[in-house]
Amino acid sequence: MGIDAFRVLSPTAILGYGFPESSFARGMGKKPDLIAVDAGSTDPGPYYLGSGKSFTSRPAVKRDLRIMLKGALNAGIPLIIGSAGGAGAKVHVDWTTEIIREIAAENSLRFSMAVIYADIPKSSILKAAFEGGIHSLDSGPEFRINSIDEAVRVVAQMGLEPVLKALKSGFQVIVCGRCYDPVPFAAPAIQKGYDPGLALHMGKILECAAIAATPGSGRDCVMGTLRAESFELEPLSDARRFTRMSTAAHSLYEKSDPWMLPGPGGFLDLSNTVFEEIDDRRARVSGTRFVETRPYTLKLEGVRRVGFRSISIAGIRDPILISRIDATLDSVRQEAVAGRDERFQVLFHLYGRNGVMGPWEPERESPCHELGVVIEAVGPDQQGADWLCAEVRSTLLHCGYSGRKSTAGNLALLYSPSDIACGEVFSFNIYHLMNVEDPLAFFPIHAQEVS
Amino acid sequence: MRLIPLSELASVIRSKNAGPHVLTLDVLFSRQPDYLRLKQMRFFSPDRVAAAYGISTDQVLKVVYFDPAWAVKINLMRPLTSGDVGDSDVYGAQQHAPLFTLMVPEAQAINGIRIR
C-alpha cells in the first residue's frame, strides 16, 4: 500500500436527506481520498422501482449533489453514488445524471463520468431460472416463472467488480444503478490494496452516515479512516460521537444476522470483529473478514403492478358507531365489492385500533374514544379506484347502523377534496438470488464527458 | 423470581425490515450482566416471542445473540410483504411494542444485595 490510510467522507445517509455544510467543510479539511454516498434502498417499498420515481425530492438531491460535486472536483478526488435515484433502475440513474449535468452547466464544471446501469434483462433471468440458478432468500416465497413476465422492471445489486473496473479508467464521478450499499465506499480502497473485509464493513457503517453515531442522524456527515489492520469512525459535528456500543449496534440494523452479512460474491464475517473506543468521539473496528462464496450470486429485485389506489382519510368520535364499527364497516365493504370483480378491493385501516400492527396486535380490546379511518380502494385503473373510494366514503358517511343517534353524518372527513388518487400500486414479486458466471456481465459501464 | 418488563432492562427496543419479507426486532441491554443472564437462560425462545405477538412459533425465523452490542435479534416472517396491499408498516418500524411489556426475570438478590 502506498499510503498509510484511506479516508472516506460520507455526507449523508441517503442522497437527498441533506447535511450541514459546516460538517461537510470539516470533512473536506481532513483531506479525504473519496466522497461516496448511497442513494437507495428497498425499504420505501415497491412503488419507486415500479413507477420509476425517486423517493427523495429533486431539489433536495440537487442541493446535496452540488456540494458534493464541487467538493470532490476541487479536491481532485472521486465521487461515487450508489443506487442512484433510489431504486437504481435505468430511469432512476438517468434522472440522477440529468441533475448532475444541470449542476455542471450552472457551475461551469467539467469532468469525466461513468454511468453503470443495473437493470437485468428478463431473458437472462428466464435462462437462469431454467438452469436452476434462481434461489429464494430470507424465507421469502418460491420463485415463479410467471413473475418474470409480470415484472415491470428488475434490477440487481452490483458488487465491487463493476465499480473497480470503472475506477481503473480514472473516472472522476461514478454513478451506479442498484448497488450493494457498501461498494461505493469500499471499492477505491480495495483497488489500492486495502483489506476487503475491513473496507466493506467500513462501507456498511458509512453508507448510513451518522446513523451509527450517538445521537444518531441520517443527515450529518462522518469520516471513515481505513488502515491496514482496522478502520476508524469519526463524526464531523461536535454534537455526536461514535461509541463502541453505537458502532457495534449498527451491525444489527436492518440485518437478519449481525455475525454474517451477505452481499454479492461473498459475506462479511464478524465473528472475530472487535469494537473499541479510541477517545470520547471515535471508535475503531478490526477483525472483520470478507469470505468469498461461489457460485457468485446477485440479488434480484423486481415488482409487478397490482392496480391503482385511491384513499380517503376521516375520523370517528361517535361512541355508538365506535362500538359497532366492525359490523358497520363489513356491511359497507360487502355492498361496495358486490358486483365488482376481484381486481377491486376495499380496505379500512383503523388507527386507534390495530391500525399499526393488524393481526400482530396483542391488545385487541383496548377502549378508545376516537378512531382514525383510512378508506383504501384498489382497482384495475385510476378511474375505477376513484369511483370505488368515493362510493365507500359516501356510503359510510350516510349509512345507518343499529342504535344510531347521529343521523347527519358518520365521518369527520379530514380534507376537501375528501378523496386522494394515489396512482399505481406495486408489489415485490422478485426478491431472489441469481447465480452468475461473470460479476460484470449485467452492469455495462458508459463513459460520459460532462462539460 | 420477580418479573419485570423488558423495557426496564433494555436501552433499545426496535423493529425494522430486513428485506421485504422479514421483520427484525433488536433488543439492546443497558448492562452486560442482564444480557448475559438472559442469554444464558436462552430466554428469547421462539415460543415466548410467538406468545407475545400472538403468532405461531414457526413464524419466528431466528433468534441471534450478539455479544459485542449486548443485544438479541429476533427475526419474524412478515404477515405481508412490505408495501403489499393491506400492509400497514412499509418500513416495519413500529412492530416492536409487544416487547416492552414482555416480562423477564429480574436479577436474583443474593444476601439482600441485588446482582446486576
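Me: What should I know before I start?
Reply: The model is predicted, so to speak of local features takes pLDDT of at least 70, side-chain atom pairs count only at pLDDT 80 or more, and totals for chains, interfaces and linings use all residues. Residues are numbered from 1 along each chain as its sequence is written, chains are lettered from A and ligands numbered from 1 in the order in which they are written, and side-chain values use heavy atoms, with hydrogens and water left out.Me: How many residues of chain A are in contact with chain B?
Reply: 42 residues of chain A are in contact with 45 residues of chain B. Contact means heavy atoms within 4.5 Å.

Me: What area is buried between chain A and chain B?
Reply: About 3500 Å², and carbon and sulfur atoms give 65% of that. On the chain A side, A:Asp43, A:Leu252 and A:Trp360 lose the most area to chain B, together 22% of what that side buries. Buried area is the accessible area (1.4 Å probe) that two parts lose on being put together, summed over both.

Me: How many salt bridges are there between chain A and chain B?
Reply: Three. A salt bridge is a side-chain nitrogen of Lys or Arg within 4 Å of a carboxyl oxygen of Asp or Glu. There are also 14 residue pairs in polar contact across the interface, both residues at pLDDT 80 or more. A polar contact is a pair of N or O atoms within 3.5 Å; within protein, one must be able to donate a hydrogen and the other to accept it, and residues adjacent in sequence count only if both atoms are side-chain atoms.

Me: Which element gives the largest share of the side of chain A that touches chain B?
Reply: β19(A), with five residues. By class, that side has 25 nonpolar, nine polar and eight charged residues. Ala, Val, Leu, Ile, Met, Phe, Trp, Tyr, Cys and Pro count as nonpolar, Asp, Glu, Lys and Arg as charged, and the others, Gly among them, as polar.

Me: Which residue forms a salt bridge with A:Glu254?
Reply: B:Lys16 does, with the closest N and O atoms 2.5 Å apart. A:Glu254 sits in the loop between α10 and β10 (260-263) of chain A and B:Lys16 in strand β2 (residues 10-17) of chain B, so this pair joins two chains. Helices (H or I, at least four residues) and strands (E, at least two) are DSSP runs, numbered from the N terminus.

Me: Is B:Lys16 buried or exposed?
Reply: Buried, at 14% relative accessibility. A:Glu254 is partly exposed, at 26%. Buried means under 20% relative accessible area, exposed over 50%, partly exposed in between (1.4 Å probe, protein chains only).

Me: How many salt bridges are there over all chains?
Reply: 36 in the whole structure. One of them pairs A:Glu301 with A:Arg178, the closest N and O atoms being 2.8 Å apart. That pair links distant parts of the chain, 123 residues apart. A:Glu301 is buried, at 2%. A:Arg178 is buried too, at 3%.

Me: And what does A:Arg353 form a salt bridge with?
Reply: A:Asp326, with the closest N and O atoms 2.8 Å apart. A:Arg353 is in the loop between β16 and β17 and A:Asp326 in helix α12 (residues 325-337) of chain A, so the pair ties together parts 27 residues apart in sequence. A:Arg353 is partly exposed, at 23%, and so is A:Asp326, at 44%.

Me: New topic. Where is A:Leu371 found?
Reply: In strand β17 (residues 371-379) of chain A. A:Leu371 is buried, at 3% relative accessible area. Beyond its neighbours within four places in sequence, its contacts include A:Ile316, A:Leu350 and A:Arg353. The C-alpha atoms of A:Leu371 and A:Ile316 are separated by 5.1 Å, though the two are 55 residues apart along the chain.

Me: Why is α9(A) called largely enclosed?
Reply: Because ten of the eleven residues of helix α9 (residues 196-206) of chain A are buried. Among them are A:Leu198, A:His201 and A:Lys204. At the start of α9(A), a side-chain oxygen of A:Asp195 comes within 3.0 Å of the backbone nitrogen of A:Gly197.

Me: Which residues touch the most other members in the largest nonpolar core?
Reply: A:Ile125, A:Val163, A:Ile174, A:Leu226, A:Leu300 and A:Met434, out of 70 residues. A nonpolar core is a set of buried Ala, Val, Leu, Ile, Met, Phe, Trp, Tyr and Cys residues joined through side-chain atoms within 4.5 Å. Apart from that core lies another, of 34 residues, A:Ala39 and A:Ile67 among them.

Methods:
Residues are numbered from 1 along each chain as its sequence is written. Chains are lettered from A and ligands numbered from 1 in the order in which they are written. Side-chain values use heavy atoms; hydrogens and water are left out.
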